[in-house]
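Have a look at the model first, then see what you make of the points below.

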Amino acid sequence: MTSISARWLERERRTLRVDQSAIGDRIYETVTTASALVIPALVIAIAIAIFVAALPAFARLGISIVTSSDWDVAGGHFGAAPAVFGTLVSSMVALVIATPLAIGVAVFLSEFSPPWLRQPVGFLVDLLAAIPSVVYGLWGIFVLIPLLREKVMPFLRDTLHLGATPFFSGAAYGPSMLAAGVILAIMALPYISSVSREVLLAVPRSQREAALALGATRWEMIRDAVIPYARSGIIGGIMLGLGRALGETMAVTMVIGNRPEISASLFAPGYTMASLIANEFSEATNDMHLSALMAVGASLFVITLIVNAIARWLVWRVSRSRS
Amino acid sequence: MIGLTYLAAILATLPLLLILVHLVRQGASSLSVSFFTNMPKPVGEEGGGMANAIVGTLVLIGIAVAIGLPVGIGAGLYLSEKKTTPLAHTVRFLSDVLNGLPSIVIGIFAWEFLVRPIGHFSALAGGVALAAMMIPLVTRTTEEMLGVVPTSLREAALALGYSRWRTSISIVLRTALAGIATGALVAVARIAGETAPLLFTAFGNQFWSTTLREPIAALPLQIFTYAISPYDTWHQQAWAGALVLISMVLVISIAARVVTRSRFGAPVD
């Protein structure tokens with residue numbers, strides 16, 4: 001009798017979709033919490049993997065690993081200063097080129113664009129972020145570098161007489177800091193412009209209307225009311241682009257020339273931390289060499305972490321003030 | 001000044017168009033059926049293809065999706081249900097950290113744990129590196145998409161006697177499925193072209209291999225190798241490979257847009 005009523009109850013439970021939820025809920029909670037825990041575990045594992053492996057190099061070479069320019073594997077000297085220099089300079093060049101363009105696009109899309117153009121232009125700019133970096137590199141080698149060597153570099157050096165400054169002097173080989181900067185600019189642009197567009201759209205209507213009511217033209221409204229309001233968010237977008245540029249590997253490796261020398265001229269080949277690792281890692285000859293490369297990776301890790309943290313904080317400040 | 005913003009828009013979209021046009025022009029001429037069916041041939045021999053690299057890339061994406069998708073969706077579910085626990089804040093912050101890490105650093109990590117102890121490169125190590133890049137992307141889009149599902153829907157299910165886990169999975173998750181699929185596709189498009197994390201994990205392979213324990217070929221690696229080689233025939237192959245790779249990425253990206261649009265109407269500006 002009891003078994004029949006138990007069966008009846010069971011069937012009723014099923015049709016009503018009521019089940020003994022305690023176990024199911026507990027499993028569900030365990031699984032989702034475990035998935036969430038994977039992320040901190042990954043970050044900690046990555047940090048440990050790199051810093052532990054970098055320890056012997058830091059212990060033996062100390063800070064000289066990023067301040068010395070002597071990289072001689074056979075002699076046991078590992079000074080990656082040219083790579084650090086190249087990483088910073090190529091990213092700076094990229095920002096100088098990309099920032100005005102990206103903000104221009106963001107202002108265009110959020111303020112001036114005819115409605116029918118907004119979607120397609122936004123989509124095309126976003127697509128720039130979808131192109132694999134190795135394809136940028138390929139295009140850089142066979143299209144951009146010849147263009148820079150034959151047209152842009154002579155134009156900057158001779159026609160504009162910038163050759164008198166140390167920054168645009170010397171022979172135009174092609175593979176150069178400038179080529180890396182231009183490629184990185186194209187790659188960083190979509191990140192800067194999409195964040196900028198979002199923070200510009202987050203500027204309250206009242207801010208715009210107040211400026212217009214005071215007699216500002218549309219351009220003055222943007223310059224004096226909209227952009228100042230969105231400034232820290234835009235800077236956050238620029239920092240995000242910087243984070244991308246600092247860690248970019250393949251495209252840069254393919255166009256920068258991979259020569260570990262510090263030169264003031266943007267026409268000269270250079271090196272970056274990421275390309276140093278990419279080029280030497282799989283053929284590292286001994287433990288100290290490997291550890292030195294790990295130390296370069298650890299430095300890159302720390303630099304991008306700081307840049308990204310500042311970026312997130314700046315964007316977060318703007319989005320918080322909105323809500 | 002307004003004209004200048006138009007100019008910026010033109011200048012910003014110009015590189016994309018230039019790259020695409022050049023890719024199609026250079027790549028199409030060396031693209032043929034044999035490119036998809038043949039193995040790479042030594043320099044000087046005609047008719048080589050990238051069959052192994054194309055399959056290799058699919059295998060690597062498969063591993064990354066198999067690991068990254070469930071973990072990312074699980075973490076996204078956690079974040080959307082436990083919005084303000086200390087763990088949720090930590091996870092959110094660290095997934096941004098993970099997302100911002102240079103991909104080569106993630107490659108080093110996979111090498112340290114999966115290549116160094118074993119002593120040789122493997123497809124598995126490459127797939128894990130790509131999964132590590134995919135997880136934060138899927139987590140954040142899942143959380144975002146679940147956040148859009150109305151609370152009333154969840155409450156209705158609970159009121160009807162659904163247990164919490166069934167409510168989450170067959171009501172909330174299912175409602176947000178199109179959005180999550182979009183997020184997953186975007187993540188796949190992003191990792192499909194990654195090269196740096198594969199350099200010392202999957203490593204590349206000139207021969208046919210689909211074994212997870214062996215080095216495996218990948219389209220981006222093959223393009224890289226051919227692009228920096230001094231041979232014209234290999235350069236042509238690199239262009240053809242790049243055209244195939246970018247077609248894959250663009251098809252996935254556009255599919256992602258279509259999925260969202262058919263479900264939610266035109267994306268909101």
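1. A definition before anything else: the bend at a residue is the angle between two fitted axes, one through the seven residues ending there and one through the seven starting there. Keep in mind that this is a predicted model. With that, helix 7 of chain A has a kink of about 35° at A:Ala188, shortly before the proline A:Pro190.

2. Still on helix 7 of chain A (residues 177-201): its 25 residues reach 35 Å from first C-alpha to last, close to the 36 Å expected at 1.5 Å a residue. The helix is also mostly covered, with 23 of its 25 residues buried.

3. What is the fold pattern of chain A along the sequence? It runs α-α-α-β-β-α-α-α-α-α-α-α-α-α, which comes to 12 helices and 2 strands.

4. Buried residues account for 49% of the chain.

5. Confidence: chain A averages a pLDDT of 90, but among its elements helix 1 (residues 2-15) has the lowest mean, 64. Chain B also has a mean of 90, yet residues 264-269 of chain B stay under 50. Where pLDDT is low, the predicted coordinates should not be read in detail.

6. For the model as a whole, the scores are ipTM 0.92 and pTM 0.91.

Technical notes. Residues are numbered from 1 along each chain as its sequence is written. Chains are lettered from A and ligands numbered from 1 in the order in which they are written. This is a predicted model: local features need pLDDT of at least 70, side-chain atom pairs count only at pLDDT 80 or more; totals for chains, interfaces and linings use all residues. Helices (H or I, at least four residues) and strands (E, at least two) are DSSP runs, numbered from the N terminus. The expected span of a helix is 1.5 Å times one less than its number of residues. A residue is buried if 20 or more other C-beta atoms lie within 10 Å of its own, exposed if 12 or fewer, and partly exposed in between; C-beta atoms are placed from the backbone. pLDDT is the predictor's confidence in each residue, from 0 to 100. Two residues are in contact if their C-beta atoms, placed from the backbone, lie within 7 Å.
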